[in-house]
Amino acid sequence: MNKPQSPLWTNSTSEARKTGTWRSALPDYQNIPSPCLGACPVDGEIATWLRQVTQIDHYGAWLTLMENNPFPAIAGRICHHPCQTACNRVQLDETVGICSLERFVGDKAITEGWSIPKPEVERTESIAIIGGGPAGLSAAYQLRRRGYQVTIYESREQLGGLLRYGIPAYRLDNSIVDAEVGRITDLGVKVHLGVEIMNSAALAKLKEDYSAVFLATGASRPKALPGLDYSQPYVQDSADFLAITNGGKTCELGENLLVIGGGSAAMDVARTARRLGRHVTVLTLESDENLPAQRTEVDEAREENVEFICGAMLKDVNSTKDGLILTCARVDFQPGAAKGQFTTTQIEGSEFELRVDAIIPAIGQDADLARWQDVVPGDKGLIDTDQSWRTQTEGIFAAGDVASMARFVTEAVGQAKHAAVAIARYVSPDEAKDPPPLLAEAKFNVINTAYHSPDARHNQENLKVEVRLQSFDEVQIALSAEQAIAEAGRCFSCGTCIDCDNCYLYCPDMAISKLEGGGYVVNLDFCKGCGLCVAECPTGSIHMQEDLPS
Amino acid sequence: MMETIEYTDRGQFFSGHVACAGCVEALSLRVILNTVGKDAVAVVPPSCTAVICGSYPHSAANIPVFHTTLESGAASASGVKRALVAQGKNDTTVLCLAGDGGTYDIGLQALSSAAERNEDILYVCFDNEGYMNTGGQKSSSTPLSAVTGSTPAGKTTRKKNMVEILAAHRIPYIATASPSDLNDMEAKVKKAKGLRGTKVLIVLIPCLPGWGVADNSAVKVARLAVETGVFPLFEVEGGIDYKMNVTTRSRPVQEYLSTQKRYKHLTAENIATLQADVDDDWQRLVNRCG
């Protein structure tokens, strides 16, 4: 409009007035950790990859997962998922099924044949990794992708450790282990199978030949149940039982089996034996509600007709030609201060008898430390390490079950990731440090639930019990693509900006602009500091800060 | 999946306006001006909108704004519309942007007359339930028991039911809207813009100083007004066909009242009365929707 205007008319926009001077506080965009991230043993950016699942960017989600954990398909099946325990959504309806979604993405990567990007640089420094289980493979992956020359020494005939030899196929099929381990070795990791580093001299030699050594031999020696004669043919330790049955061989023990222990290994033994047609009783010191195994494992074992006798101990074994007569007694079990510590008191006059054909103790495993005692000392059953997983001997690092009592696969994977960063920094000091410790977590009260309607979790279904007992097929049936997208959409994205535009569109002062490529910026000239953007942020990723004149 | 807000900012409302920090009348103006678009003229009687839209020589609106008297909002808008039609500008939308004082009280006669003639205007009432721009006196829109500058012990009469008054004029479209549901607000503005005749949109504006609400909380309070049924979102077509846009109530009225200082003095009995009134009005509305 170029017509002359009356001098009485307005002649400029209100933008001439800088209302930002009214402000005493200013919104600040700062992504803060979600509780699931804080709880995740591998520091997984869960809110980020769940968002990528909702955007049908499965490859992006997989890359995000792979940053911290090379085993999404494995972890998605067997992780003890402390992320879900920490999930804020439980205060609205149910936690997000993170584990089933991790499996969904992991399986997608296997089906699509995605491979790990090759290292951008090749480095000359070499690292020897002793033990090809979850910790050893995690460290191998993290070091190799940074370009280091990695060699794994594995005592068994195949890589995988507990993943391959300890977890039955109905929870984790070996084809999954093959796929995720194969991706790591395809990066150019040297592997020596069937080689054991038997003593301190052999370890010292490796230390000379390589820039650094990482010990990840796990906990391979079964704890012995006091008073039980392991030399008898009717006693077989759980690790041996699982290695044999996971290898496809059948169980040579009798018809009625007693499994002793209440952890994951005990559930694995019991449920494997049920699939081999055996009648199984599980005897645990712990009361039912205190069993250390994951609750779903216990529930599924019960569905499969495993019998439980909780809060009781084995006192005596009497072998007769018709089988074993066991004397047991009820106990009062009191957990101790630290994980794995407890006291038991036998209840007077509570003795009872059981008749079985064989006993499979599954009461945990210890690390084998004696062989290297001269090079890497340790006590309390673990190799002594500092916070960066350095042993007392320079250039030797250790993580996973050999150095920690946090006996979960993903804990070992996470520890090895941090150890790998420490190793990289040891052999080449210019390497990036581990990121700084996390900020305070986004709590439920920063989530504006007006934007999240109640919506029940999309659960994985299980195979029917009759089908389960006739094969080693996977019990849990994967989510469909539709279910996965809907489930990932339940994530609050706590503390993580999702570019929803609420802050931009709710601002009464048009003081927020969108940035190219995502994100927002506050216009200091006009922001009055009301905080409406913070209040209406659905994810709690904006925060008000005092804005003092500089 | 989270529902996203869909309106598009076309640059029709400018920064630098002098609404209070956190004012959702400014937010609602942003949505309405951007939805109506460039081909529009606004007529504004004395109100917060008059202050927000501009003090000479600045304007916060990217359309012409005609400031008129408090009695004559709808009459002035009618005249502007007729003048535009006389110039052949039939499609230009004429908005009347008034407060509840200019709608329920002082401008009611002009609005009733315009509605009776079915003048082709889109009349928006920013209802902050009082004369909040002149120190917070009560209007006939102030609810029962609410404290204002002129009702220090709480108002003793009910809020006037403006929708029922307007419906009696059988105008094409009447709707309520809330700054807690901007998609609904945008849809109603679009719908009203597409209809000929008198259209009235009543937007609930929780007033930060007038109601005693925190700077960041006006959207939350408006949301509670909808969720408790205090301010139902609905439309009336032709004065007869009622349609509720939100058909459930999920919270007791108490949750809405407790967010505002103007209700701080309420006794359990007062609250029960207000709850009973809301229950009664809600049922009447449900019945009307058939």
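How many bridges join strand 8 of chain B to strand 9 of chain B, and do these strands run parallel or antiparallel? In this predicted model, strand 8 (residues 234-237) and strand 9 of chain B are joined by four bridges and run antiparallel. The predictor assigns the complex an ipTM of 0.96 and a pTM of 0.89. For chain B, the mean pLDDT is 97, with 100% of its residues at 70 or more.

**The sheet of chain B**

- Eight strands of chain B make an open sheet with mixed pairing, in the order 3-1-4-5-7-6-8-9.
- Strand 3 (65-67) and strand 9 (241-244) of chain B each have a single partner strand, so one side of each lacks a neighbour in the sheet.
- On average, neighbouring strands of this sheet are turned by 15 degrees against each other, direction ignored.
- Helix 7 (residues 182-193) of chain B packs on the sheet and touches strand 4 (93-99), strand 5 (122-127), strand 6 (173-177), strand 7 (199-204) and strand 8 of chain B.
- The direction of helix 7 of chain B makes about 165 degrees with that of strand 6 of chain B.
- Opposite Phe234(B) stands Met244(B), in strand 9 of chain B.

**The interface of chain A and chain B**

- Contact involves 36 residues of chain A and 34 residues of chain B.
- The two chains bury about 3200 Å² between them, 58% of it on carbon and sulfur atoms.
- One salt bridge is found across this interface; Glu536(A) forms a salt bridge with Arg223(B), with the closest N and O atoms 2.6 Å apart.
- Between chain A and chain B, 21 residue pairs are in polar contact.
- On the side of chain A that touches chain B, strand 1 (12-13), helix 17 (502-506) and helix 18 (532-535) of chain A are the elements giving two or more residues.
- Helix 17 of chain A gives the most to that side, with four residues.

Definitions and conventions
Residues numbered from 1 in each chain as written. Chains lettered and ligands numbered in written order. Predicted model: local features only at pLDDT ≥ 70, side-chain atom pairs only at ≥ 80, totals over all residues. Heavy atoms only, no water. Pairing = 2+ DSSP bridges. Axes fitted to C-alpha atoms, helices over the stretch in contact; angles between N-to-C directions. Contact = heavy atoms within 4.5 Å. pLDDT = per-residue confidence, 0-100. Buried area = accessible area lost by both parts, 1.4 Å probe. Salt bridge = Lys/Arg side-chain N within 4 Å of Asp/Glu carboxyl O. Polar contact = N/O pair within 3.5 Å; in protein donor to acceptor, adjacent residues only side chain to side chain.
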